Amino acid sequence: MESRTVGLSFVVFVIFFVTFKIVVIEKVSIIQGFVPYIEKPSREGLAMEQMNKSESNGDAIYNFFPNISSYVDILDTKLSDILSNVRRLGATFAKAAIEIERPNNERSFKDLFLSMFANKETTTENPTTTNLTKPLHILLLSTWSSGSTFLTKLLTHYPGTFLTFEPMVLIKGYGAVQNQTAAEARLLLKDVFNCNYEPGSMGEKLLGFTKTSDYKKWALHNIRLRNVCEGLKNGNNYCYDPAFVSDICRLHPIQLVKTVRLRVEHVQQLLKDNDINLKIIALFRDPRAVRSSRLGRSWCNFPSCNHLPTVCQDHNQDLRMAKMLAELNSDKVIIAKYEELATQPKLAIPVILKFLGLPWHPALTQFMSDHMVEDLKHNREGDLHTQSVNSSSKVNQWRVKLSKADLAEITSTCVRTIESHEKLSMIKLENNSTSPNFKTKNPS
């Protein structure tokens, strides 16, 4: 058991080591490099070309950046693969030891290594407390078939992001959380944001439920957890082990929660909660496209998914509440439009990054190259890692997929919803904005 624990600790270290080396390429410290919003990096903190731009234009660091020459993608590297090659593992250990012996000022990296393999009393830092500042907590709210999985995958590829995928299944498997369980839902959110999986916590209940339910695979949407818990001899049990998940979770400075089961009004109270550093992204999609997608889903057999009056009423209410919260809390709430993310990603994604305080990263450029294309090998429906089917052509597929009868029904039932969505835009135009987060096109 002890050797297994040491082995797991080493692989977690190796992954952190490789991540560290990637960050060193860009000369950013292990803590500040992942979360630039904590403290603005010095000139050595960003690639020189981007830094030069930011000196003349503060928003330039959020803009699309095509250069990925210094980026190394390790998200396809799994713990089980590393453990299967002892010789390579030993060589990596030796290289890591050499790096530790080099004179430098990176105490945190040395302490991380020594705390795993040397006498812990000689270290000054515990590996599970590497992230010394309050993490960024991102809550992505949307509804079924609205592009939330695509945006989740995009955000997950940002370095240092730890994903909790659809935690509300613990409370409501089908449909949205109701008013009577909203308080319980908020407790669950706080637990997963704070990596609280202690006995009796909502976080622990979530892991126990997920492990024994039909949603078991959903935990594996979290690439960084999946890489260190899947494919081991214990049958993926570490993916649901509260202590292990908590330790891995606490290493990450960005906590992302994605859910389609929570209404915007139910999270309003969390904006005033000082225990979390919350940023809310409310994502909306054309109701005609949503309807077109859901008609082909056998699981969409409950009112909040297939009953048009309910669907459009919920959309209207969520958008109205999101606008109000965005106007009152422009630094904490943003409205995102799926169509603009799909057709104008180089303009729309920087809007979200600026809101989050995260500069553009080559990982996003790589993601766009790998996933936002028509190549089917990169867009396999159902694959946990690549399930981000998206292109500009898909935005308007509803125009040919919806029958005349279905189109007529939704047009008459959801006329206000369609009109408000068409006027919505997340891309801020110069001198034509109604709030810091979104603009409304001139109404007719």
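Student: Which elements are included in what covers the buried residues of α16?

Tutor: The model is predicted, so local features are given at pLDDT of at least 70 and side-chain atom pairs at pLDDT 80 or more, while totals for chains, interfaces and linings use all residues. Residues are numbered from 1 along each chain as its sequence is written, and side-chain values use heavy atoms, with hydrogens and water left out.

What covers the buried residues of α16 includes α6 (148–156) and α15. Helices here are DSSP runs of H or I with at least four residues, strands are runs of E with at least two, and both are numbered from the N terminus. Helix α16 itself spans residues 362–371 and is mostly covered, since 8 of its 10 residues are buried. Buried means under 20% relative accessible area, exposed means over 50%, and partly exposed lies in between (1.4 Å probe, protein chains only). The buried residues of α16 are P362, A363, L364, T365, Q366, F367, M368 and H371.

Helix α15, one of the covering elements, comprises residues 345–356 and contains F355. F355 counts as buried because its relative accessibility is 8%. F355 is 75 residues from I280 in sequence, yet their C-alpha atoms are 9.7 Å apart in space.

I335 is found in strand β5 (residues 333–337). With a relative accessible area of 0%, I335 is therefore buried. I335 and L141 are 194 residues apart in sequence, and 9.7 Å separates them in space, C-alpha to C-alpha.

These details may be set beside the whole chain. The protein chain has 20 helices and 7 strands, and 54% of its 444 residues are buried. Of the contacts in the chain with a separation of 6 or more, 72% are between residues 24 or more positions apart; a contact means heavy atoms within 4.5 Å. The accessible surface of the chain is about 20,700 Å², and 51% of that surface belongs to carbon and sulfur atoms.

Helix packing can also be described by geometry. Two packed helices are described by the angle between their axes and the distance between the axes. The axes of α13 (residues 308–328) and α20 (residues 415–423) come within 9 Å and cross at roughly 40 degrees. The two helices are therefore oblique to each other; angles under 35 degrees count as roughly parallel, over 145 as roughly antiparallel, 65 to 115 as roughly perpendicular and the rest as oblique. The contact is made by C312, H315, N316, L319 and R320 of α13 together with R416, T417, S420 and H421 of α20.

Most residues other than glycine have a negative phi. E166, which is not a glycine, has a positive phi of about 50 degrees, and E166 lies in the loop between β2 (161–165) and α7 (182–193). E166 is buried because its relative accessible area is 2%. C195, also a residue other than glycine, has a positive phi near 55 degrees. C195 is placed in the loop between α7 and α8 (202–212), and C195 counts as buried because its relative accessibility is 4%.

Technical notes
Axes fitted to C-alpha atoms, helices over the stretch in contact; angles between N-to-C directions. Areas by Shrake-Rupley, 256 points an atom, 1.4 Å probe, with all protein chains shown as cover.
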